[in-house]
Amino acid sequence: MTTHRQPRLAARREALYAWAFVAPSLIGFLVFFAVPSIRGLLMSFTDWDLLRPAKFVGVANYVRLLGDADFRHALKVTAYYVILNIPIQTMLALGMAVMMDKFSKSTIIRGILVLPWLLPNIVVALIWLWLLDPTMGFLNQIIMGLGFQRQPFLGSIDQAMPTIAAINIWRHAGYTAILIYAGLQTIPKELYEAAAIDGANERQKFLGITIPLLRPVLVFVLVTTIIGSFQIFDTIAITTKGGPVDATRVVYWYIYEYAFVRFKMGYATTISVALFAILITITFIQMRYFNANSSDLD
Amino acid sequence: MSRAQSGTAPTIQISSILAWVAFGLVMVVTLFPVYWVLRTSLSDHKEIYVQTAVIWPVGLTLDNFKRVLGMFTAEQSVAMGGTVTGINFWLYLRNSFVVSTFLVAGQTFFSAMAAYAFARLRFTGRDQLFFFYLTAMMIPGVVTLIPNFILIRDLKWLDTFQGIMAPGFLMTPFTVFFLRQFFLGINHELEEAATIDGANIPTIFLRVALPLSIPALSTLAILQFIATWNDYLWPFLVGKKEAVRVLTVALAIFQSQTPQGAPDWGGLMAGTALSLIPTLVIFLVFGRRAVNAIQFTGFR
């Protein structure tokens with residue numbers, strides 16, 4: 001009798017323990033991830049200033065979003081930032097990773113490279129705000145020392161966004177390089193030896209072996225850095241606050257303004273839902289296009 | 001063979017010299033801004049605006065640090081180009097420390113419990129639930145930010161430590177995922193031996209699985225500690241009040257209060273230098289492990 005009952009009892013006890021183990025995380029998941037996601041979506045169909053009760057307005061916010069020239073501008077500015085940021089950062093990182101792989105596997109070098117990524121965004125922004133100060137910043141002292149005109153950097157409409165992109169490249173290039181470097185370690189060295197025997201030169205080996213086999217890592221890096229770039233906020237909050245005029249008024253800053261300066265919670269969530277939709281689409285296209293999950297090694 | 005080697009040797013040398021020059025350049029560009037924080041914070045507050053092109057600290061002094069740590073009176077501080085409102089970085093350091101420590105402790109422990117259940121225990125709905133957790137990993141923070149702010153406001157938790165810590169205290173999808181991967185990778189045998197000895201599941205978890213996971217847990221805790229320490233927007237939204245203000249928020253507020261034309265760079269950089277200490281300490285102590293852990297996050 002006990003022989004067939006005991007396993008079932010044990011299984012039931014195991015399941016009970018399992019739910020008890022999962023319970024705290026499940027509460028956290030439901031309260032701060034799942035429910036807020038749904039609530040955010042629902043809020044986007046309302047008009048709500050936090051003082052009076054929320055008013056259901058149907059798709060009015062979405063209709064308004066389609067005709068919102070400021071939103072289009074914010075999207076354009078954000079895209080400009082991503083285009084300035086991602087290609088340079090990824091190329092730099094790839095170059096550094098290949099060089100580390102070839103010349104030095106020292107943890108100290110990797111440690112130094114990743115250091116900027118460990119610093120708070122706020123701190124990075126402050127440091128560069130000071131280094132790039134139009135009158136007293138050290139960089140302008142060098143530029144003038146070399147006989148050029150001083151540059152306004154963050155103070156000018158034309159230079160503000162490229163400057164912010166440069167700051168974030170400084171913070172992220174080393175981190176990205178380390179991810180790519182880790183990917184390089186997974187490529188079997190025999191492949192290079194075989195290619196060398198077949199008479200392949202460095203360039204052919206790089207394009208024929210390294211890049212194809214690195215594809216999953218590169219796709220991962222691109223997906224995460226692009227998603228991150230679309231959500232740039234901290235650096236702008238410290239350096240330009242969306243200015244000069246609206247040269248750096250990116251989508252995230254636009255959402256922040258609507259939610260926490262104008263207290264238009266309904267419209268703010270509408271913009272964030274739109275941003276989410278854009279990010280999902282980009283990710284999906286990237287995964288599809290690059291066939292992310294299979295390396296040519298398989 | 002030997003002829004081919006001697007033929008290629010000089011080119012390898014030239015390219016390796018070029019590579020080390022490039023490494024050097026990258027190191028300088030990476031480290032110089034951090035050095036500039038130290039240089040500015042150790043300089044005399046008036047000289048900072050005059051000797052703008054001098055590489056080393058001008059008029060070496062600790063006054064900037066003393067000022068942001070509240071060791072001068074308000075009048076003295078104003079006379080030194082500071083702001084009228086008292087700035088007390090001891091308090092902000094403590095707040096950052098409290099928030100990061102408690103948040104990471106809760107997050108790591110509860111995530112480990114969940115991860116253990118997902119990796120080792122059998123229960124209906126396990127794989128579906130884990131799939132939901134994974135999906136949440138893809139939802140960007142911007143979607144949950146506003147609803148979570150409203151929730152904290154409705155709970156009357158604005159300007160409290162629990163308000164700042166709540167969203168990440170019980171889990172993040174990433175920590176559960178990271179630890180589940182880890183538990184899947186460790187050997188069952190000790191746990192099975194404990195089961196045969198009659199130990200129950202909580203005992204096995206606390207006495208066998210957790211001690212085996214100390215390296216993974218501490219690695220994760222280091223990464224999450226730094227991430228929490230660095231966080232800005234969330235603590236800014238829910239914890240502006242001085243009593244719970246963390247360092248990043250304090251620095252941003254300090255910067256916004258400093259005069260537009262001539263910001264208090266001495267004070268700002270001293271505050272910045274203080275905010276770098278824990279990251280640098282963690283980094284020096286756990287350097288290799290931190291670097292390896294960061295590499296691992298690339299494959300999550």
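Predicted model: local features only at pLDDT ≥ 70, side-chain atom pairs only at ≥ 80, totals over all residues.
**Chain B, secondary structure.** I then checked burial: 41% of the 300 residues of chain B count as buried. I also looked at contacts in chain B between residues at least 6 apart in sequence; 68% of them join residues at least 24 apart.

**Helix α14 of chain B.** I looked up residues 247-257 next. Eight of the 11 residues in this helix are buried, so the rest of the structure largely encloses it. I listed the buried ones: Leu247(B), Thr248(B), Val249(B), Ala250(B), Leu251(B), Ala252(B), Phe254(B) and Gln255(B).

**Where A meets B.** I turned to the contact between the chains. Chain A puts in 72 residues and chain B puts in 68 residues. On the chain B side, helix α15 (residues 265-297) gives the most, with 13 residues. I sorted that side by class and found 49 nonpolar, 17 polar and two charged residues.

**Nonpolar core.** Which residues have the most contacts inside the largest nonpolar core? I found Leu126(A), Ile178(A), Ile180(A), Val250(A), Ile255(A), Ile271(A) and Ala114(B). The core has 155 residues. Its largest share, 14 residues, comes from helix α7 (residues 157-184) of chain A.

**Val250(A) close up.** I picked Val250(A) from that list. I left aside its neighbours within four places in sequence. Val250(A) is then in contact with Ala74(A), Val77(A), Thr78(A), Tyr81(A), Ile232(A) and Ile236(A).

How values were computed
Residues numbered from 1 in each chain as written. Chains lettered and ligands numbered in written order. Contact = placed C-beta atoms within 7 Å. Helix = DSSP H or I, 4+ residues; strand = E, 2+ residues; numbered from the N terminus. Nonpolar A, V, L, I, M, F, W, Y, C, P; charged D, E, K, R; others polar. Buried ≥ 20, exposed ≤ 12 C-beta atoms within 10 Å, placed from the backbone. Core = buried A, V, L, I, M, F, W, Y, C linked by C-beta atoms within 7 Å.
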